[in-house]
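Please find below my comments on the model under review.

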Amino acid sequence: MSKKSNGFLVGAIIGGAAAAAAALLLAPKSGKKMREDLIDQLDGVSEGKASEYAGIAQVKGNEFSDYAKQKKEAYSWVGDKVTSHVDQAKTTSNELLEGLKEKTSDIQDDFKRTSSEVRGKVNDLTNDDIVLKDENISEELYSVLENTEK
C-alpha cells in the first residue's frame, strides 16, 4: 500500500470511530448499555484490523520471500566463484609451503655438510700440529677453533 492509501485508510477508520462514538453518545441508552456497546464495537474493529494487518503482513512476507529467492538464484554464481577462489588459494599455499619445506631442508643439509667439512679441516690442522700465528687466523676461524677445543 502506498502512503496515500494508508493515510486515507487511517482517516476513514478514525472518522468512522468518531462517528460511531458520537452516535452512541447521543443515543438514548443507559451508561452501562452504552459502555457494553462501545466495547463490542471496539472489539469488532480491533479484530477486523488485526486480521487485515495479519493478511497484509502475510502478503508482504510472501513478496519478500519471493524476492529473496529471485536474488539467490540471480547471484548463485557468487558462492561458486568464492568457493573456486578459496580452493585455488588453498592449493597455492600448500604448494608454497611444500616448496619452502624443501628449500629449508636443502639449506639445513648444506649447512650440516659445510659444518662437517670445516670441522674436518680444523681437526686435520690440529692433528697435524700446524702452528698458526694469531694474525693469520680470522675471527671466524678463531671462534671455530675455540669451540672445537671445548
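Which residues are linked in a network of salt bridges? The network joins Asp110, Arg113 and Glu117, a salt bridge being a side-chain nitrogen of Lys or Arg within 4 Å of a carboxyl oxygen of Asp or Glu.

1. Basis of the note. This is a predicted model, in which local features need pLDDT of at least 70, side-chain atom pairs count only at pLDDT 80 or more, and totals for chains, interfaces and linings use all residues. Residues are numbered from 1 along each chain as its sequence is written, and side-chain values use heavy atoms, with hydrogens and water left out.

2. Overall architecture. The protein chain contains 4 helices and 0 strands, in the order α-α-α-α along the sequence. Helices (H or I, at least four residues) and strands (E, at least two) are DSSP runs, numbered from the N terminus.

3. Burial and surface. Of the 150 residues in the protein chain, 5% are buried. Buried denotes under 20% relative accessible area, exposed over 50%, and partly exposed the range in between (1.4 Å probe, protein chains only). The protein chain exposes about 12800 Å², of which carbon and sulfur atoms supply 59%; accessible areas come from the Shrake-Rupley method with a 1.4 Å probe, and for residues only the protein chains shown count as cover.

4. Salt bridges in helix α3. The whole structure holds 4 salt bridges. One of them pairs Arg113 with Glu117, with the closest N and O atoms 3.8 Å apart. Both residues lie in helix α3, 4 residues apart, or about one turn of the helix. Arg113 is partly exposed at 44% relative accessibility, as is Glu117 at 46%. Glu98 and Lys101 also form a salt bridge (3.9 Å, N to O); they are 3 residues apart in helix α3, a separation of about one helical turn. Glu98 is partly exposed at 49%, and Lys101 is partly exposed at 48%.

5. Glu63 and Lys60 form a salt bridge, their closest N and O atoms lying 3.7 Å apart. The two are 3 residues apart in helix α2 (residues 31-74), about one helical turn. Glu63 has 42% relative accessibility and counts as partly exposed; Lys60, at 43%, is partly exposed.

6. Nonpolar patch. Tyr75, Trp77, Val78, Val82 and Val86 make a nonpolar surface patch of about 480 Å². Patches are made of residues with over 30% relative accessible area and no salt bridge, with like charges joined within 9 Å and nonpolar side chains (Val, Leu, Ile, Met, Phe, Trp, Tyr) within 5 Å. Trp77 lies in helix α3 (residues 76-127) and is partly exposed, with a relative accessible area of 49%.
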